[in-house]
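Reader: I am new to reading protein models, and I would like a close look at one part. Could you walk me through the salt bridges and show me how they sit in the rest of the chain?

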Amino acid sequence: MGNAQAHAAPQLRVVAALSGAAPLPLNSPEWQQLLTYASALSRLDPGEVEREIRPHCAELVYNNAQTLNLQRFIYLVARQLRRARHQGGAAGVVPTANAVYCLRTILKDLMEQLNSAQLVHFIEVPPEVVAAVGERTSPSEAKAHDATAAPAAEPGAGGSEGGASPAGSSAAGSPGHAEFAQLHNGSLVHTLVRETMLTLGDARLLAGGGYMLLVECSRLALALFSSALYSPNARGELGQHPYLDAAMQQNDLANPTVEALLRLFITAPPLPLSQKIFNYMPTDTRSMLRIVRTAAASVLWLPYQAYTLLLRPVRPSASGDAGAATAPSSSPLGDSALLLLLVLLFHAPPQDSPVGNPYRASMARLQDADDIVTADAAEDGRAAGSGDAAISYAALYDALGASLTSERVVLLLYTLLHGCPNFHEYCLVRSDLDTILLPLLELLYSAQERTANQMYMLLIILLMLSQDPAFAQNIHRITLQSVPFYRERSTRTTLGSLLVVLLLRTAHYNLAKLRDVYLHTNTLAALANLAPHMSGMSTHAAQRLVSLFHLLARRYNRLQAAAEGAAEPPTPTAAYAAADSPLTPWLPAPTPQQQALQGAHQAAQQQDAQQQQQQQDAQQAAEQQQAQQQQLQPRVEAVAQQQGLAAGGGVSEQQELELQLYADFLRIVLEIINSILTSSLARNPELVYTLLHRQEVFAPFVHHPRYAELMENITRVTDYFNRRVEEQVAAGGGGAQLDVERLLDLIRQHSRGWRRDRLKPFPELRFTYEEEANPEEFFVPYVWSLAVAQGGIPFTLEAITLFTPTVVPAGQSEDAATPVPSPHTTLTEQDEADAAPAGNAGDAV
């Protein structure tokens, strides 16, 4: 705190003066002192600066109705921003940035204390003052005053915007003549928003040394729009967010603002070496911010009971970059610009608002600057740009790929894919899909370190991409020589196979830990979209797909047995499969080339045996418990009859819903397998081999009334290749063993003559993503939680009502930071055992 007092003393004296009982005309020396101090406040801890300024804010609330000093301060800052643009970033931008810093701190504190009506009444110029200024100042005089503002602000000897800046502007007439002479729409709120946005859109300022001014303008805009934090509803009422309303009502600002903020994100200009910005976080690096908000509706497949936003300090990347854990951003301006862009894009105006969101509309019309040509240069008939925002798609694509490890960048990619059809199409036709897909898969690979919201966004992005058939085909044509982030084993694979493996890995993790229905639905939906175009499925992917079906089948059988009051069906074993599978007696020969694959199969068999033993132990314990409760059975039946339930027959609505969900999941997985077999059996011999090796998993469902139709194709495939294997064994004298490689060669050989008409065709299963009716219920709190954690502004957490921030020690176990289970399910130890992936997690991709 002492550091802030020592270095910000001149600004603190000005704040103390403007909060006093004496009016300060624009030609007062206090304003001149504010605009001549060239030591940047941004290098100080903003929390300390705010603690020094906050006592003066209380006094300002008491005195400002008589002095109008705050209105003069706002007007002065707006005028200084206009002058900075006219000068193109000449000397003096640091004092202007300091003034913006002080104004942002004051307005943020007032927003935390006043409601919207009080805030507007407090900061707007009284109507009688505006009328008086209008009577004394003609339009021509106002324009002349504004035109002379820039020349009057030449730098002084001290390197600041000389002493003539505020005083000289009032020299042409009385103080009342100069004060509030130029307000946009007659509103100080509209004027400040306009000047801030126009300053952010001026590219000359960055080239002219205005980096710090642009950073402060972006943070000022975030502070102005932060009234959304103090409203419990994501979609506020009309007039509840005055600065956001002002930004939405000025449609002409949308295109240049969207274009400018995207350009700052793409270029990510680094902080000049001569300048410093305090790396502020709402908690220290040993803590994380957990934000919990109860939601009334399900959005983006979210559980309708609750969802959790987890904000924690930056973790080391999966590639092992431990230095990134606490290192400040290399581009504070690019980060702040992106947060501001997300706030504008996801703002939801009130239902009765006369205007919509022009920034979202501008993003929807975003053009590729590389394709826009002038009429004179157009040789192919393309017209020139129509005034819409335009940015280089190629540069934007590369910038996204380079920074997708950031949560806010993932959210921007979602916005572009969902809200900008032109950019979505551009991404799909790119030949280097790995540029954006590999970073997404790296995040998906470390699912245990992701929050629920990050997982939803990642899977929804993959779902949107998988909707395009060309994308599903092209990813199998991109070969990856290695996958660095796949730490267990890095081998040559295709991008499509890696995507399938990680989607299946996510499904296994969800079954074991999260039990999130909506996450599982999105995962299976993406897999279903990819299935018809599957090619070259790896051994690991095929094993995980069949293992996923096995896990879902076990869970479904258990739920069905509980619903019917019967004992759980026994798990298929190798002995059970011996009667139907000719593959069972043939064990793979332990050649060095097949040891990895053989080890995976043996590990799967061992795990099945362990799970079977666990089930037997659990069954014995259940029988003992049942014997102990037999004496209580008559009493239980009597109570059940009184409640209108048959003994042992009561099934809750939640259990019925859970049973139906797992039944649907099983059907989707069977449809995925059918889709691969009917469309590309010959290109996926590893799947055929896995079906033969694990056909006992499917045997109980051959005659199941719900799945018999889908099992027909799988049975035909296994029967056909079983006969080919038997013929091969018989030709070898009946005693030969078939190792893995010989068996795969046999499958490949007979796949060439496979006719598709042997299989029953099914309608292609396609999933598309659509936002729910009220997406703001998820996005507005999500975006603002990022702004609170990463915006560099010391928001008072206790004042926030949009969500409830609480600090959770970082030393807490990772399980405590994971999302709560879905309200449809209850996690048990047996469920975790069932969901353990078959085979070694380090199997090759």
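Author: Here is a walk through the salt bridges, with some background on the chain around them. This is a predicted model, in which local features need pLDDT of at least 70 and side-chain atom pairs count only at pLDDT 80 or more, while totals for chains, interfaces and linings use all residues. Residues are numbered from 1 along each chain as its sequence is written, and side-chain values use heavy atoms, with hydrogens and water left out.

Let us begin with confidence. The score called pLDDT is the predictor's confidence in each residue, from 0 to 100. The chain averages 76, and 70% of the residues score at least 70. Where pLDDT is low, the predicted coordinates should not be read in detail.

Next comes the setting. The chain has 36 helices and seven strands; these are DSSP runs, numbered from the N terminus, with helices (H or I) of at least four residues and strands (E) of at least two. Of its 845 residues, 55% count as buried. Buried means under 20% relative accessible area, exposed means over 50%, and partly exposed lies in between (1.4 Å probe, protein chains only).

Now to the salt bridges themselves. A salt bridge is a side-chain nitrogen of Lys or Arg within 4 Å of a carboxyl oxygen of Asp or Glu. By this rule, the count is 25.

One of them pairs the side chains of Asp-335 and Arg-408, at 3.1 Å from N to O. Asp-335 belongs to helix H17 (residues 332–346) and Arg-408 to helix H20 (residues 407–419), so this pair ties together parts that are 73 residues apart in sequence. Asp-335 has a relative accessible area of 18%, so it counts as buried. Arg-408 is buried too, because its relative accessible area is 13%.

Another salt bridge joins Asp-745 and Arg-748, whose closest N and O atoms are 3.0 Å apart. Here both residues lie in helix H34 (residues 740–751), three residues apart, which is about one turn of the helix. With a relative accessible area of 40%, Asp-745 is partly exposed. Arg-748, at 31%, is partly exposed as well.

Arg-766 and Glu-764 also meet through their side chains, at 3.6 Å from N to O. Arg-766 is partly exposed, with a relative accessible area of 29%. Salt bridges can also share partners: in this way Glu-50, Arg-54, Lys-108, Asp-109 and Glu-112 are joined into one network.

For contrast, look at the nonpolar side of the chain. A nonpolar core is a set of buried Ala, Val, Leu, Ile, Met, Phe, Trp, Tyr and Cys residues joined through side-chain atoms within 4.5 Å. The largest one holds 232 residues, and Phe-225 and Tyr-243 touch the most other members. Helix H31 (residues 653–680) gives the most to this core, with 13 residues. A contact means heavy atoms within 4.5 Å. Beyond its neighbours within four places in sequence, Tyr-243 has contacts with residues including Ile-74, Leu-107, Met-111 and Phe-225.

Finally, a word on cysteines. A search of the whole structure finds zero disulfides, a disulfide being a pair of cysteine sulfur atoms within 2.5 Å. Cys-57 is buried, with a relative accessible area of 1%, and Cys-102 is buried at 1% too.
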